[in-house]
Amino acid sequence: ASCHALGGKGNAVGPDLASLTDRSAGAMLVAILDPNAAVESKYTYYTVDTRDGRNLTGIINEETGASVRVLQANGITEVVRRVDIKEMKSSKLSMMPEGLEMGLTTQDLADLIRYVQSN
């Protein structure tokens, strides 16, 4: 809900779950258990350290010669001028954290997959 949108709910930070081409239980289980198995470059997360001491993490959803737009996991977007960036680096990883399943029972996981498949 914080990073994906489905049925008009959630945040469109990661891919829209309604547009998944493979909704098989196996594919979805791999995506949940190993979110870094296949990551589109537009969904890799970046760390942006600013000259005033802020540290932003998110995906870069727009870049110009003058600024970058950082879309954070909570859905908040922040534009940072390039002259204000101390360091910007790609993690080459998905913004979706590993271990997300740790707080879920087997039934919770099955229900989640079924919910995404039904929308």
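How many residues lie between β3 and β4 in their hairpin? I found four, and G53 in the turn has a positive phi of about 95 degrees.

I noted the ground rules next. This is a predicted model, where local features need pLDDT of at least 70, side-chain atom pairs count only at pLDDT 80 or more, and totals for chains, interfaces and linings use all residues. Residues are numbered from 1 along each chain as its sequence is written, and side-chain values use heavy atoms, with hydrogens and water left out.

I looked up the strands (DSSP E runs of at least two residues, numbered from the N terminus). Two of them pair if DSSP finds at least two bridges between them. β3 (residues 44-50) pairs with β7 in the antiparallel sense over six bridges. β3 also pairs antiparallel with β4 (residues 55-63), over four bridges. I checked T47: its bridge partner in β7 is K89, and T57 stands opposite T47 in β4.

Then I turned to salt bridges (a side-chain nitrogen of Lys or Arg within 4 Å of a carboxyl oxygen of Asp or Glu). I counted six. Among them, D52 meets R54 at 3.2 Å, N to O. R69 and E62 meet at 3.4 Å. D84 and R81 come to 2.9 Å at their closest N and O atoms. Shared partners join D52, R54 and E78 into one network.

Last, I checked exposure (buried under 20% relative accessible area, exposed over 50%, partly exposed in between; 1.4 Å probe, protein chains only). D52 is exposed because its value is 57%. R54, at 33%, is partly exposed. V83 sits in the loop between β6 (77-81) and β7 (85-94), and V83 is exposed at 57%.
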